[in-house]
Amino acid sequence: MNFYTKGISASNMVLLQNAVNCVNGVAPCNSMVTMEFAGLNYSVQSDNDGNWKIEFNPGPASAGRDMILRCSDEEITYTNVAVGEVWICSGQSNMQLQMERLKYTYPDEFKKPENQNIRMITIPVTFDFEGPKDSVNNPEWKMPAPDTLSGMSGTSYFFAKKLSEDLGIPVGVIACCQGGTPVTAWMNGESMAGVGDYVRRLEELKKPGYVQSVQDAEKAAQNEWNKKIYELDSGMKEDWKDWTCSQAEEAGWGTCHIPGEVDLVENGGIVWFKKEVVLTADDVSYFKEKGARIWTGTIRDADMVFINGVQVGITYYVYPPRRYDIPDGILKEGVNTITLRVQQNLHGRKMFFWPEKHYALASRDKKVIPTAIRNVEQVEGTAPLRCDQENTCFEKTNTEGIYIPLNGDWFCCATTQIEDCPPNTFFEYEPQALYNAMLAPCFNTAVRGALWYQGESNDSKPYEYEELLDRMIKLWRSRFTYCPEKNMPFVVMQLPSWADDVLPDSFPVTSNWAEIREAQNGACEKNSCMALSVAIDAGEWNDLHPEKKLTGGTRAAEQALRLVYGKDYSECAKMNSMELHTERGLSENKENYCKVVFKTDNPLKAYVIENGAVDFSKETKEVFGFSLLLRNGFGKESVLAVAAEIVSENTVCLVLPEIPLFTKIKEIRYLWANCPECVNLYSGTLPAMPGRIKV
């Protein structure tokens with residue numbers, strides 16, 4: 001075909017209302033290209049290279065209409081083209097996380113009919129180091145519906161949903177994101193100059209044949225390792241998937257407790273696990289009628305799940321929760337054997353089953369709250385997910401259905417000890433990789449602003465992040481030339497809480513995630529037309545990908561509505577200043593305290609913490625999460641948690657203990673941690689922002 005468009009134009013797309021939009025492409029040299037849309041006609045002649053573009057203003061928001069492009073006897077028709085608001089949503093895995101992962105958290109969203117007021121294009125993941133690309137292969141704009149919602153970014157969906165509901169018009173979202181990517185993957189070489197070693201690395205990536213040679217070598221090493229670990233696994237050779245627990249016990253298998261760490265292999269290796277569940281005839285009949293599923297928490301690194309010798313699930317990497325439907329006819333009356341084959345890849349990352357996840361056999365009609373809810377998104381009429389001392393999850397939900405916990409002792413046996421899995425280079429994580437291949441094709445699209453949710457993959461060098469993010473914002477603003485505002489509005493989503501495989505620690509000496517949050521706020525304060533969306537209360541200590549995307553997407557949309565559309569939404573409360581009063585020694589007439597004043601749109605409120613969760617129906621003056629960073633005369637630093645309470649609408653008072661001689665207070669901190677145990681200080685509906693004030 002000699003006549004085509006570039007960029008991301010396609011049926012069902014959204015054009016930006018009341019602004020100059022652009023449709024461009026290629027046609028025969030010096031030929032006439034015409035466009036019909038909304039009753040208007042436009043024409044332009046292609047240049048000597050065949051390139052053409054039509055710039056036009058589609059007017060106010062409207063429902064879908066056809067756009068017809070013609071050149072000689074060739075015609076391109078885009079159907080159902082809407083006019084409304086358009087935002088680009090970019091970042092790493094928490095922006096990318098699809099609604100499929102969230103179907104148990106938000107089941108009602110999957111029952112809703114097609115929504116013509118929400119349109120989303122998901123940019124295919126690809127990388128390039130040579131230069132900016134101008135097109136996406138086979139772009140597709142989709143509306144959320146029962147058969148399309150699963151593949152959509154959860155954060156982007158809830159962001160667009162809130163915007164559309166408040167504005168009452170179509171909203172288009174360009175989901176341009178990829179898990180694991182640092183900010184530098186979304187920047188070009190010039191914008192990274194002088195920071196880190198990124199430009200030198202980019203030059204290496206551009207060398208002819210370099211990428212292919214690395215991919216070939218790593219693929220060969222990976223294939224050899226996979227072959228070796230499989231061949232060494234006696235469990236596969238001897239069909240341990242078919243064994244009963246009695247056979248495992250007779251063979252001398254040991255036992256271990258799930259959830260928790262399993263330290264049975266030194267480097268890479270395989271461990272098999274077995275547990276029995278006894279079902280009655282009524283149980284089997286009920287499962288047959290309602291359907292059955294098995295949840296086996298989250299496991300590091302990879303696993304296969306068998307029931308009565310039949311494989312029912314497989315996951316190749318650590319992060320996804322293991323949630324598998326069980327085909328009919330597998331469960332039986334009497335003893336049922338559940339078998340896990342789990343693979344450990346590295347010596348430094350031991351095999352682990354995350355606590356506070358569901359390990360259970362359940363009927364599909366059993367309502368299950370999939371994540372621990374300490375703050376937001378508490379479900380009316382139910383209690384937040386709890387775990388008892390054995391880490392058995394339970395909650396007050398509907399009494400219907402079957403729920404059989406699988407926590408506790410399992411038979412286990414290590415079959416394979418092997419060297420660490422060879423490294424794998426993810427080239428999409430490299431400098432400029434996604435800027436060229438995924439972002440650049442969107443530059444000629446008219447957008448209102450950008451939503452940015454990223455930072456996790458920069459946590460090893462948080463000291464660089466504010467500068468890099470600031471440069472990225474300026475770069476994007478220079479490239480999205482059809483954004484009506486000179487300074488394209490940016491909403492930055494601050495990192496939530498996460499503790500990896502350790503318990504929450506509210507008062508560490510150092511916290512890389514806290515520093516990233518501070519850098520995100522710093523970049524917002526450094527630039528105009530910026531908003532920060534705080535999500536410290538919407539994370540999950542045991543999940544890098546928290547499922548509370550309704551909270552994240554909605555809060556981000558509220559900030560966009562406030563920043564761009566003049567809607568009456570508030571900013572979060574931020575620590576603004578402090579008054580420190582300390583005296584040597586304590587007496588009835590002397591009081592050591594620190595008053596922290598917040599910049600806030602609404603009065604501060606604190607809520608009662610009970611059993612590790614916040615009860616929003618009960619207010620208190622006591623605030624959790626304040627601490628002091630101390631440094632003694634030898635330069636050693638330590639952190640001291642302090643009691644605090646609200647003393648006015650914008651002030652919290654910290655009660656300070658006596659400070660030892662030769663020790664100084666260096667910082668006043670609030671929620672300065674990767675994963676604070678709890679968050680109970682709010683301003684309106686928003687949590688107060690974590691932060692620190694240096695003394």
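Rings of Phe, Tyr and Trp, the last taken by its six-membered ring, count as a pair if their centres lie within 6.5 Å. With that in hand, let us walk through this structure, which is a predicted model. One aromatic cluster is formed by Tyr435, Phe443, Trp452, Trp476, Phe480 and Phe490, and a search of the whole structure finds 31 aromatic pairs.

A pair of aromatic rings is described by the distance of the centres and the angle of the planes. Take phenylalanine 598 and phenylalanine 626: their ring centres are 6.5 Å apart and the planes meet at 85°, so this pair is edge-to-face. Distant parts of the chain are linked here, since phenylalanine 598 sits in strand 31 (residues 593-599) and phenylalanine 626 in strand 35 (residues 626-632), 28 residues apart. Both of these phenylalanines are buried.

Phenylalanine 598 has another partner to look at, tyrosine 670. The centres of these two rings are 6.4 Å apart with the planes at 85°, which means that this pair is edge-to-face. This pair too links distant parts of the chain: tyrosine 670 belongs to strand 39 (residues 663-670), 72 residues from phenylalanine 598 in strand 31. How buried are these two residues? Buried means under 20% relative accessible area. Phenylalanine 598 has a relative accessible area of 2%, so it is buried, and tyrosine 670 counts as buried because its value is 0%.

Arginine 65 lies over the face of phenylalanine 37, 5.4 Å from the ring centre. In the case of tryptophan 295, arginine 323 lies over the face, at 4.8 Å from the ring centre.

Is lysine 161 buried or exposed? With a relative accessibility of 16%, lysine 161 counts as buried. Its side chain is joined to that of glutamate 109 by a polar contact of 2.8 Å. Leaving aside neighbours within four places in sequence, lysine 161 is in contact with Glu109, Lys112 and Ile118.

Our last stop is strand 14 (residues 268-279). Of its 12 residues, 10 are buried, so strand 14 is largely enclosed by the rest of the structure. Strand 14 runs antiparallel to strand 26 (residues 408-418), and 7 bridges join them; here isoleucine 270 stands opposite threonine 416. Strand 14 also runs antiparallel to strand 20 (residues 334-344), joined by 11 bridges. There, valine 277 has asparagine 336 of strand 20 as its bridge partner.

Note on methods:
Residues are numbered from 1 along each chain as its sequence is written. This is a predicted model: local features need pLDDT of at least 70, side-chain atom pairs count only at pLDDT 80 or more; totals for chains, interfaces and linings use all residues. Side-chain values use heavy atoms; hydrogens and water are left out. Rings of Phe, Tyr and Trp (its six-membered ring) pair if their centres lie within 6.5 Å; planes under 30 degrees apart count as stacked, over 60 as edge-to-face and the rest as tilted. Helices (H or I, at least four residues) and strands (E, at least two) are DSSP runs, numbered from the N terminus. Buried means under 20% relative accessible area, exposed over 50%, partly exposed in between (1.4 Å probe, protein chains only). A charge sits over a ring if NZ of Lys or CZ of Arg is within 6 Å of the ring centre and within 35 degrees of the ring normal. A polar contact is a pair of N or O atoms within 3.5 Å; within protein, one must be able to donate a hydrogen and the other to accept it, and residues adjacent in sequence count only if both atoms are side-chain atoms. Contact means heavy atoms within 4.5 Å. Two strands pair if DSSP finds at least two bridges between them.
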